[in-house]
Amino acid sequence: NLLLAGRLAVVTGGGSGIGRAVCSVFAREGAKLAVVDLNKKSAEETVALLPQPSDHRAYGTNVALSSEVASMVSQVQEEFGEVPSVAVHAAGITKDNFLLKMDEQAFDDVINVNLKGTYLVNQTLAKAMSKANLPDCSIVNISSIVGKTNYAASKAGVIGMTKTAAKELARFNIRVNAVLPGFVVTPMTDKVPDSVKQMITMMVPCKRMGTPEEIAEVCAFLASSRSSYMTGAAVEVTGGLNF
Ligand code: NAD
């Protein structure tokens, strides 16, 4: 039996990398998908790649803007005729630099998308889910094991918010967990120079980068009722890498 049969799932960052792999694994497991991305065209491409595209819909949304997140969530409810019971929040950006070289704009941009975006997506969906009184809802936030200054701060914030949201939302049957990917092959890591890639891969006990699908499989378990006693967890999926 399928892990997510008939469940409606919102996946942010669904136009690329980990978010796109989450969409394809979730579709395989029977979910209907609201594929959300800043780049609407890439979200539409994800939908087109899924086995039955007409079961799914694409949304162009900036997760850092409350008005856009609110209208996306109400549009999803209107178009699917139900409240989503699953969300994977994978939208994120990097503008890495060392502390001594970090500029204020890059700091603000990353905190806005990665941290404020998590707040907006979690709050807006949790409001809809709690009102709908569903038996088991699950939100999975994608944090990270690696990163520098602004990125590391944003992703540590995601873990903190996940843990407190889990405590607050348990009474509404909403579970909230974080997945911490290690070093994964996606367009985000494409821009890392080969020499740095090799250096990081050397530090990974499994001696390779992860695939987006390997992250997505863990998200599917956390999204499904098979993880019904897990909430507030920060799950590392890193090939053994930790800092
Ligand atoms: P990616 O760049 O391939 O995909 C990220 C997607 O998010 C893109 O489609 C992008 O358009 C979208 N996005 C960016 N800003 C947005 C916004 N404001 N609103 C809506 N969508 C937005 O990257 P990825 O590697 O698939 O990363 C997915 C998540 O996993 C991110 O949160 C990232 O920080 C995290 N992560 C990635 C790695 C890795 O090694 N690739 C490791 C740890 C954590």
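This is a predicted model: local features need pLDDT of at least 70, side-chain atom pairs count only at pLDDT 80 or more; totals for chains, interfaces and linings use all residues.
When contacts between residues at least 6 apart in sequence are considered, 74% of them join residues that are at least 24 apart.

The ligand is surrounded by 30 residues, of which Gly13, Ser16, Gly17, Gly92 and Thr186 are the closest. Two or more residues of this shell are contributed by each of helix H1 (17-28), helix H4 (104-132) and helix H6 (187-190). In terms of residue class, the shell is made up of 14 nonpolar residues, 15 polar residues and one charged residue.

Helix H1, one of the elements that contribute to the ligand shell, has twelve residues and spans 17 Å between its first and last C-alpha atoms, close to the 16 Å expected at 1.5 Å a residue. This helix is mostly covered, with ten of its twelve residues buried. The buried residues of H1 are Gly17, Ile18, Gly19, Arg20, Ala21, Val22, Cys23, Val25, Phe26 and Ala27; Gly17 is also listed among the residues closest to the ligand. After H1 comes Gly30, which has a positive phi near 95°.

Helix H5 comprises residues 149-169, and its 21 residues reach 30 Å from the first C-alpha to the last, close to the 30 Å expected at 1.5 Å a residue. The residues Asn150, Tyr151, Ser154, Lys155, Val158, Thr162, Ala165 and Leu169 of H5 are buried. Viewed down the axis of H5, these buried residues fall within an arc of 120°, and they therefore line one face of the helix. In an α-helix there are 3.6 residues a turn, so residues three or four places apart point the same way. Thr164 and Lys167, on the other side of H5, are exposed.

Leaving aside residues up to four places away in sequence, Ile139 touches Ala87, Asn122, Leu125, Ile174 and Val176. Ile139 and Cys219 are 80 residues apart in sequence, while their C-alpha atoms lie 9.4 Å apart in space.

Glu214 is located in helix H8 (residues 212-223) and counts as partly exposed, with 19 C-beta neighbours inside 10 Å. The C-alpha atoms of Glu214 and Asn141 are separated by 16 Å, the two residues being 73 residues apart along the chain. Ser195, which belongs to helix H7 (residues 194-203), has 7 C-beta neighbours inside 10 Å and so counts as exposed. Between Ser195 and Pro135, which are 60 residues apart in sequence, the C-alpha to C-alpha distance is 48 Å.

Backbone geometry was also examined in the loops. Most residues other than glycine have a negative phi. Asn173, in the loop between H5 and E6, instead has a positive phi near 60°; with 16 C-beta neighbours inside 10 Å, Asn173 counts as partly exposed. Lys207, in the loop between H7 and H8, likewise has a positive phi, of about 60°, although it is not a glycine. The 10 C-beta neighbours inside 10 Å of Lys207 place this residue in the exposed class.

Definitions and conventions:
Residues are numbered from 1 along each chain as its sequence is written. A residue is near a molecule or strand if its C-beta atom, placed from the backbone, lies within 6 Å of it. Helices (H or I, at least four residues) and strands (E, at least two) are DSSP runs, numbered from the N terminus. Ala, Val, Leu, Ile, Met, Phe, Trp, Tyr, Cys and Pro count as nonpolar, Asp, Glu, Lys and Arg as charged, and the others, Gly among them, as polar. The expected span of a helix is 1.5 Å times one less than its number of residues. A residue is buried if 20 or more other C-beta atoms lie within 10 Å of its own, exposed if 12 or fewer, and partly exposed in between; C-beta atoms are placed from the backbone. The arc is that of the directions from the helix axis to the C-beta atoms. Two residues are in contact if their C-beta atoms, placed from the backbone, lie within 7 Å.
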